[in-house]
Amino acid sequence: MIVNNLFSLENIGIKNAKIHYQLTPDQLHEMTLNRGEGRETSTGALAINTGKFSGRSPQDRFIVKDSVTENEVWWGDINIPFEPAKFDALYNKITAYLSNKELFVRDAYVCADPNYRLNVRVITETPWANLFCSNMFLRPEIKELTSFVADWTVLCAPSFLANPETDGTRQGNFTALNFSRKIIMIGGTGYTGELKKGLFYVLNFILPSTQNILSMHASANVGEDGTTAIFFGLSGTGKTTLSADPTRKLIGDDEHGWTADNTIFNFEGGCYAKVVNLNEESEPDIYRAVRKGAMIENIVFKAGTNEVDYTDISISPNTRVSYPIDHINNIQPGSIGQNPKNIFFLTADSFGILPPIARLTPGQAAYHFISGYTAKVAGTEAGITEPQPNFSACFGAPFMPLHPTRYAEMLSKKMKDTDIKVWLINTGWTGGPYGTGNRMKLKYSRAMITAALNGELDNVNYHNHAVFKIAVPESCPNVPSEILNPRNTWEDPNLYDTKAIELAQKFKRNFVQFESYANNEILAGAPEV
């Protein structure tokens, strides 16, 4: 450990701090226990509670509007502008707050491809937030630290609260990004996901606009033949689970870039997986990754033990674990893949309308990519009593600073240049909507993806869905043919037709905001109502 007489933060305005620099995961684990901020689980992982916030707060994420961002960012409810002067004043407050305190500093980087590497210095108020960064970001060699120069600086102070009246925030918690000063400030929230998503947002701005790199909220893996598969999907659709395939090597589970020469590279050095109902049988790789070095959040222990009860979501339905990617046995060396051949859009359709697998044309792919559809299930959020559609552009709207059509046009071009196949996978409901039907079995979703990857769906018969016009295979190895056509799984096919039209209308109403930006090919990918 390095203390402040050898390492200083005074150049960024933090004075007289006792600094713990680049501690090992074991040291951070022990310090968290010694400070009474965590418990060790029966598997050796560190369990912590993130406090009031157990998820992101997108309404409290602000972007400084200045000469760098003014004409580039798609401003609105997702990308909320912040005055440069307000940022500077808030920065002075948070650095004054962090002065004279015990702090944890970590130098790391993001982007596995060295051509696009971004050096990051993270300064955290707690050891467990620093452990999260050690798990999730890429870890420099010791020899690299002597010449390390940070491109971006991240300040994380969960105990610091902004004053909305004077600071310009909505409430006490906030994440504020300044692309001119290259600083991210996080205050008032202990949720660790703000750290990784803050940097993801930075890359989603920099890479497409300055490097011609398509940044993606997606997981990726590589087959024995060296071809790469990409999995887009919102939380709860199976992105992490389905990419952790024992027969393929994992590149990464959440955030990737796609270069002009068709290299796919991971932004991160770890995985951040949901653990609700986690068990060894259905998700063996993730289950076994929850061991010493991993950090698990907002879970509940079985009474009188240090064994995690993965079914208990009384603290939060968003229970998660972070772990370094090498906790997964079958990983791709260097976290880089080549030759992408298949893209999967994952959706959890709780209305039971979309087929479990369908092949998309380039226009349909762009349309569904911009739409970013999944569904919220009754009971998962306050006030939701029945399934509700959830559209999140590019399958990650809260992390996308540019207009969604810019990412979609890049994706369309790559599809045409590489002749890549795009598939829509519904991991949601079949046989009816939530409450009537059943969730699609994981083994069937895996079998359909495997068949697509192996080319076993290239020569089967297809029919176009009557409303969404997407191509649905009539057979698939290891999948009962009767579930491939969702209409056939409903007790009342006529009711299915009615509900399919209703869902298509929701798609079209959502897409109105994008129509003036979309080309004719994308518009032709819409469902017919």
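Predicted model: local features only at pLDDT ≥ 70, side-chain atom pairs only at ≥ 80, totals over all residues.

Student: How many bridges pair E4 with E9, and in which sense, parallel or antiparallel?

Tutor: In general, strands of a sheet pair through backbone hydrogen bonds, in either a parallel or an antiparallel manner. Here, E4 and E9 are parallel and share 3 bridges. On the pairing of E9 with E10, the strands run antiparallel and are joined by 5 bridges. Within that pairing, Leu177 faces Ile184 of E10.

Student: Is strand E9 buried or exposed?

Tutor: A residue counts as buried when its relative accessible area is under 20%. By that criterion, 5 of the 5 residues in E9 (residues 174-178) are buried. Both faces are covered: Phe174, Ala176 and Asn178 lie on one side, with Thr175 and Leu177 on the other.

Student: In what order do the strands of the sheet stand?

Tutor: The open sheet has 8 strands, arranged E1-E6-E7-E8-E10-E9-E4-E5, and its pairing is mixed. At the edges are E1 (18-21) and E5 (80-82); each has a single partner strand, so one side of each lacks a neighbour in the sheet. On average, neighbouring strands are turned by 25° against each other, direction ignored.

Student: How are E6 and E7 joined?

Tutor: Strand E6 (residues 102-110) and strand E7 (residues 118-124) run antiparallel and are connected by 7 bridges. One example of facing residues is Asp107, which stands opposite Arg121 in E7. Helix H3 (residues 127-136) packs on the sheet and touches both E6 and E7. The direction of H3 makes about 10° with that of E6.

Student: Which residues have the most contacts inside the largest nonpolar core?

Tutor: That core has 98 residues, and those with the most contacts inside it are Leu195, Phe232, Trp258, Ile343, Phe345, Phe369 and Phe468. Helix H6 (residues 193-211) gives the most to this core, contributing 8 residues. A second, separate core has 28 residues, including Ile19, Leu90, Leu98 and Met185.

Student: With which residues is Phe232 in contact?

Tutor: When neighbours within four places in sequence are left aside, the contacts of Phe232 include Met216, His217, Ile343, Phe345 and Phe369.

Student: Where does the UniProt record place the feature "binding site"?

Tutor: Such an annotation comes from the record, and the model then shows how its positions are arranged. The unreviewed UniProt entry places one such feature at Lys197, His217 and Asp254. These residues span 58 residues in sequence, yet no two of their C-alpha atoms are more than 10.2 Å apart, so they gather at one spot. Of these residues, Lys197 belongs to the lining of the largest cavity.

Student: Is His217 buried or exposed?

Tutor: His217 is buried, at a relative accessible area of 5%, and is found in strand E11 (residues 214-222). Beyond its neighbours within four places in sequence, His217 has contacts that include Lys197, Phe232 and Asp254.

Student: Which residues does the other "binding site" annotation cover?

Tutor: According to the unreviewed UniProt entry, the annotation covers Arg56, Tyr191, Lys197 and Arg320. From this set, Arg56 and Lys197 are in the lining of the largest cavity.

Student: How do Arg56 and Tyr191 sit in the structure?

Tutor: Compare loop position and accessibility. Arg56 lies in the loop between strand E3 (46-48) and strand E4 (61-64) and is partly exposed, at 33% relative accessible area. Tyr191 lies in the loop between strand E10 (183-187) and H6 and counts as buried, at 5% relative accessibility. Setting aside residues up to four places away in sequence, Arg56 touches Tyr191, Glu194, Lys197, Pro398 and Phe399.

Key. Residues numbered from 1 in each chain as written. Heavy atoms only, no water. Core = buried A, V, L, I, M, F, W, Y, C linked by side-chain atoms within 4.5 Å. Buried < 20%, exposed > 50% of the residue type's maximum accessible area, 1.4 Å probe, protein only. Helix = DSSP H or I, 4+ residues; strand = E, 2+ residues; numbered from the N terminus. Contact = heavy atoms within 4.5 Å. Pairing = 2+ DSSP bridges. Axes fitted to C-alpha atoms, helices over the stretch in contact; angles between N-to-C directions. UniProt positions renumbered as here; feature names shortened; annotations may be inferred. 1 Å grid on protein atoms, 1.4 Å probe; cavity = no way out; pocket = protein on both sides within 12 Å on 5 of 7 lines; lining within 4 Å.
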